[in-house]
Number of protein chains: 2
Amino acid sequence: MRNLRLDICYDGTRYRGWQRLAGVDNTIQGKLEQTLSRILGEEIEISGSGRTDAGAHAQGQVANFHCESSMTCGEILSQLRRYLPEDIGIYSCREVQPRFHARLNAVRKTYVYRLWNSPGPCVFERRFVAVDPRKLDLEKMRKAAAFLVGEHDFSAFCANKKMKKSTVRRIDRIEIRQVGQEVRFVFVGNGFLYNMVRILVGTLLEVGRGEREAESVPGLFGAKREEAGALVPASGLCLMEVEY
Amino acid sequence: MRNLRLDICYDGTRYRGWQRLAGVDNTIQGKLEQTLSRILGEEIEISGSGRTDAGAHAQGQVANFHCESSMTCGEILSQLRRYLPEDIGIYSCREVQPRFHARLNAVRKTYVYRLWNSPGPCVFERRFVAVDPRKLDLEKMRKAAAFLVGEHDFSAFCANKKMKKSTVRRIDRIEIRQVGQEVRFVFVGNGFLYNMVRILVGTLLEVGRGEREAESVPGLFGAKREEAGALVPASGLCLMEVEY
């Protein structure tokens, strides 16, 4: 069996997220598996580096799949580009070690969250941002973000209430930058729980609006979901990179 | 009567172009007039700096309109932002001299044409580019572009065969740059004929692909439409700026 790696991007606006769902046509994984199965003439199952939420995007999703076909990687790539919808793109398709697994081998991920923080028009970016023109104190938000960096129990930032596995994750870096009319958040870490980035942003925004103290953040580690901030919209979220 | 100026942007993908058409709902001008008329409670007609093609975009369209209403510019702006669809944006609304006319007073316009010149995915830019991965010789294209700069009879670059007015226009500057996987064309001039930018790009692309000599360009001035290059898709075209 060959093991092939795909580097993928998508505009997630019209999808129900990455993960294949029984009876649901519009998931990224489902669309990729369906297209690959047709191209290769065999049943293909792919493993992504992780799920992305309904409506969230990816510029650097990675997946792998096993196949029997002897079709060259170049041919698979051009067939995928031909048959995939225009909101899913493939950067590359290449042969990898038999043991490479897109999820299990991922060591670091980078997410970006884009907030359009202005009443001005965001016509050209509208699919890839969340909009909230309320004023933000970026310095306070950076102070709060500094508390989040490191290895912590992010239970309060996980929307899966039945999560039985560890909710401990390590965040290596958080950047908060003004880019024109946007506030752009970058999160780098070894892994992120269900909805974690969006709840982190929601919590930081509450600090930025003066509704929560930066110093209250350490008290959220190991706490319940209700104690952290609100979930922000998926449209602003993009998986930028997965490192192996 | 007050005279108000609007600075406007739009994603033209789903529109039949700028100009209001009888019986057609989806034009930018029509949408703006309809919305303004409702907000102000009087029949509003707007003048744009010029028409843009069906499917073409604008980041810097300018229009003006006269009204009796005493509503403040700030209020009109926020009402417009509230009621316009998300693919039309308003940067500003301001009171101007009674004699200001968005079309008649325009002295210079800048258009950008974006060509996605790669087989790689353009998922995030797909609404704002035309795609053609064929190889291009940018140096030859720049050489051809240099012939176009200046005041010339651009009859061959005008799709309106019944054009009775002068087809003489002045191009001040043409830039052709590689920006990542894109080739980006910038055109600055005192005015552009119907489809002119798209035919200029089509002609330059023929030079870039070796199908036409750069030196043949001066022979196109005053010539017939058939002698210039093909019309390229509207999706790559954006009106960037109008100067007064």
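View 1. The model is predicted, so local features need pLDDT of at least 70 and side-chain atom pairs count only at pLDDT 80 or more, while totals for chains, interfaces and linings use all residues. Residues are numbered from 1 along each chain as its sequence is written, and chains are lettered from A in the order in which they are written.

**View 2. The contact between chain A and chain B.** The contact takes 17 residues from chain B and 17 residues from chain A, two residues being in contact if their C-beta atoms, placed from the backbone, lie within 7 Å. On the side of chain B that touches chain A, β1 (2-10) and β4 (88-95) each supply at least two residues, and β4(B) gives the most, with four residues. Because 100% of the interface residues of chain B are also interface residues in chain A, the copies meet through the same surface.

**View 3. Helices α3 and α4 of chain B.** Helix α3 (residues 138-148) of chain B packs against helix α4 (residues 196-208) of chain B at an angle of about 135 degrees, with their axes 8 Å apart; the axes are lines fitted to C-alpha atoms over the stretch in contact, and angles run from 0 to 180 degrees between N-to-C directions. The contact includes M141(B) and A144(B) of α3(B), and L200(B) and L204(B) of α4(B).
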